Amino acid sequence: TGNLWGYGKEDGPSVWHKNYPVAQGDRQSPIDIVPHQASHDPSLGPVVLNYDQCTSIKIANNGHSVVVEFDDSDDRSVIRGGPLDNPYRLKQFHFHWGVKGCHGSEHTVAGNSYASELHLVHWNAVKYTTFGEAATAPDGLAVLGIFLQHHGRFVKAVFFFFFFFLLQGSAADFKGFNPKCLLPSSLHYWTYLGSLTTPPLHESVIWIVVKDPITVSEKQVTCLAGSSEPALGRLLPASGLYLHTFLTQGLYTRNWEF
Ligand code: SG5
Ligand code: ZN
């Protein structure tokens, strides 16, 4: 079919526009975040995460990435504040990583990539009735991006997700996981209006990219070698990029014990 895409030479980011013309649109993601070019917007407040109801349902591996899905039938797990006008429901999170183990992030900061990037995908259930509808609307999605850097401590939860990637094509129950254990202790962020980073590349994402990475051990990141590639080469200059600094409430608890 004409809708196949990937990260190879023939089907990679540089040719996505053939099937998805919006790839050449003006709010495409990812971008290179240049910190000193970001303006401070004093009207932006802190981002607040309510994940403590632990609404995860299952974990799945489609051969490209690992995704953890959440019950999004109500507002038990939401992100609010920051650039968002209303709470957005957590739908799923997934990871991006690279073949070399250390350049897997999609966003870059002043031209530098991180080992991996975690995306927590939320949707606007106040304005839209389904995730699918929200995913095509300009204010439909809010994705919280978290960088993973190596040279840190071994993080069991992260090891678990990456290990699950080795189990190609599998899925399992995964109830009661609180993703707060995957976040850094401060949620200073950059925000800009962007898109999904993979086809269909809808320009529907309010990006909230957290400045501080979480650190994981080098071993657990390099075990990802040979998996997905970030959409480098599509990195565009940032327009309307805002920096906001705010300290959040320390560390978090979770139910899942690894
Ligand atoms: C990844 O990024 C995700 C997609 C996600 C896009 O390709 O895929 C995986 O992690 C593999 C399972 O998530 C899914 O396909 C869920 C099964 O697409 C969406 O979130 C759909 C709207 C793009 O998301 S991103 O912009 O945050 N990177
Ligand atoms: Zn993603």
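1. The whole structure holds 7 aromatic pairs, a pair being two rings of Phe, Tyr or Trp (its six-membered ring) with centres within 6.5 Å; planes under 30 degrees apart count as stacked, over 60 as edge-to-face and the rest as tilted. Phe70 and Phe93 make a tilted pair, at 5.9 Å centre to centre and 45° between the planes. The two are 23 residues apart, with Phe70 in strand β5 (residues 66–70) and Phe93 in strand β7 (residues 88–97). Strands are DSSP runs of E of at least two residues, numbered from the N terminus.

2. This is a predicted model, in which local features need pLDDT of at least 70 and side-chain atom pairs count only at pLDDT 80 or more, while totals for chains, interfaces and linings use all residues. Residues are numbered from 1 along each chain as its sequence is written, chains are lettered from A and ligands numbered from 1 in the order written, and side-chain values use heavy atoms, without hydrogens and water.

3. Phe70 counts as buried because its relative accessibility is 4%; Phe93 is buried at 0%. Buried means under 20% relative accessible area (1.4 Å probe, protein chains only). Ring pairs join Phe70, Phe93, Phe95, Phe174 and Phe177 into a cluster.

4. Ligand 1 is surrounded by 15 residues, the closest being Gln92, His94, His96, Thr197 and Thr198. An N or O atom in the side chain of Gln92 is 3.0 Å from an oxygen atom of the ligand. His96 places a polar side-chain atom 3.2 Å from a nitrogen atom of ligand 1, and a polar side-chain atom of His119 also lies 3.2 Å from a ligand nitrogen atom. On its own, ligand 1 has 590 Å² of accessible area, of which the protein covers 78%; the areas come from the Shrake-Rupley method with a 1.4 Å probe.

5. Strand β10 (residues 141–149) has 8 of its 9 residues buried, so the rest of the structure largely encloses it. Strand β9 (residues 116–123) pairs with β10 antiparallel over 8 bridges; two strands pair if DSSP finds at least two bridges between them. In this pairing His122 stands opposite Ala142. β10 also pairs with β13 in the parallel sense over 5 bridges, where Leu144 faces Ile208.

6. In strand β12 (residues 189–194), 5 of the 6 residues are buried, so this strand too is largely enclosed. β12 runs antiparallel to strand β13 (residues 205–210), with 6 bridges between them, and Gly194 stands opposite Val205.

Key:
Buried means under 20% relative accessible area, exposed over 50%, partly exposed in between (1.4 Å probe, protein chains only). Helices (H or I, at least four residues) and strands (E, at least two) are DSSP runs, numbered from the N terminus. A residue is near a molecule or strand if one of its heavy atoms lies within 4 Å of it. A polar contact is a pair of N or O atoms within 3.5 Å; within protein, one must be able to donate a hydrogen and the other to accept it, and residues adjacent in sequence count only if both atoms are side-chain atoms.
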